[in-house]
Amino acid sequence: MRLISLSAAGYRSLQSIRLDMRQLAVFVGENGVGKSNLYRAMQMIKAAAEGTLSYEIAREGGMQSALWTGKRKPGPVRMVFSASFDDDEEAIRTGHAVRTGFAPTYSIEIGLRPPVAAGFAFEPQIKEESLTIDSGRRPVEMMGRKGPAVFARDDSGRRIEHPVRLLDSETALAALGNAGRYPEIGDLRATIMGWRFYHGFRTDRDSPVRQPALAITAPMLDEDGRNLAAVFATLVHIRGDTVDLDHCIASALGGAVLDVPVPGETATFGLRLPEFPQRIFRPEELSDGQIRFLALAGALLSYRLPRLIALNEPETSLHPSMLPALAEMIANAAERTQVWVVTHSRILADEIEARTGARALTVVRDHGATVIKGMRLSGSYADDDD
């Protein structure tokens, strides 16, 4: 299953937006137009699957900061996130929700705590959740929630009430998806949990990216990059195929060669630079741009890729000469998995299009709301007709 559409309403600058998703999606725009809010909306779906949604909203200032601050229609104040999936390859390739295979849609609605209810004043209160499956005949509701009461269909298709009444801050997707009784809910949760979000990497002296990693096979990069050395060791000493990795590093870093010794208790790496061929520069000696590019290489060229990779402004701290190699890594990754890129670099967007044909979608503000130029109300784009 892969993501084919994402919707968000009432969240920060996202008054109401729906996006059809393809194998590779690139969003480009100036600072302050709300690009990162699109990225965060997708993170909220993953947080619902993890059971950390309330924490994520609290971490960005609580409901008073997360709610849409523009004009609202009369009625309850709500944030709504929704994601639709499909296992049909044509839907994945084109971004059109044809609904021919196993096609679940998950939705969650969040509001403020009523004055007399238990809970903290600005803590998010989950009002409704649903999971429906459209197999081509009619939608079937596999899970439904209103307040603390939740029902779901078990592995025999029977509708049963979940025996535990959930707290207002708990998500049914996390609670039921981990229960073992509801296979469709568990499958969807596992799909979403397989997403990875790379919002930059720390490059300070104590950054996890610069540290040795435990010598454990690492098929993909952690979100904070702490297992980067193990990812490189896995590629070099287990997979034995570093052609793409070596090419991109040499192209971006002036002919540099990655050095990955056979791991002992820990895995390490370094760079051999053309101007100093007899010396290996360890991670703590590398510049911010060099270490960030290497982390992106680990994210995009690892032995096994996540089910979805989301990159938020990956060009940060990179010299413009590194962007063609970054675009090449993104193009390579998009051949293996879904990739979502949010950037303010038109150069990077053009480099990606030159390699993949994927046109960048321009993000702008319209009366305070984040919108996509050329986007229809349905969530599709004008170039779909080309």
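I began with burial: a residue is buried under 20% relative accessible area, exposed over 50% and partly exposed in between, with a 1.4 Å probe and protein chains only. The model is predicted, so I kept in mind that local features need pLDDT of at least 70, that side-chain atom pairs count only at pLDDT 80 or more, and that totals for chains, interfaces and linings use all residues. Residues are numbered from 1 along each chain as its sequence is written, and side-chain values use heavy atoms, with hydrogens and water left out.

**Aromatic rings**

I looked up ring pairs next, taking rings of Phe, Tyr and Trp (its six-membered ring) as paired if their centres lie within 6.5 Å, with planes under 30 degrees apart counted as stacked, over 60 as edge-to-face and the rest as tilted. I found eight aromatic pairs in the structure. In one of them, the ring centres of Phe27 and Trp340 are 4.6 Å apart and the planes stand at 40°, so I noted the pair as tilted. Phe27 belongs to strand E3 (residues 24-28) and Trp340 to strand E17 (residues 338-343), so this pair ties together parts 313 residues apart in sequence; strands (E, at least two residues) and helices (H or I, at least four) are DSSP runs, numbered from the N terminus. Phe27 counts as buried at 0% relative accessibility, and Trp340 counts as buried at 1%.

I then turned to Tyr39 and Phe197, whose ring centres are 5.5 Å apart with planes at 90°, so the pair is edge-to-face. Tyr39 sits in helix H1 (residues 35-50) and Phe197 in strand E10 (residues 195-198), 158 residues apart, and I recorded both Tyr39 and Phe197 as buried. Ring pairs also link Tyr39 and Phe197 with Phe85 and Trp195 into a cluster.

**The sheet**

I followed an open sheet of eight strands in the order E2-E1-E4-E5-E6-E7-E8-E9, with antiparallel pairing, where two strands pair if DSSP finds at least two bridges between them. Strand E2 (14-20) and strand E9 (159-161) stand at the edges with a single partner strand each, so one side of each has no neighbour in the sheet.

Within this sheet I checked strand E5 (residues 104-111) and strand E6 (residues 125-134), which pair in the antiparallel sense over eight bridges. Gly111 stands opposite Gln125 in E6.
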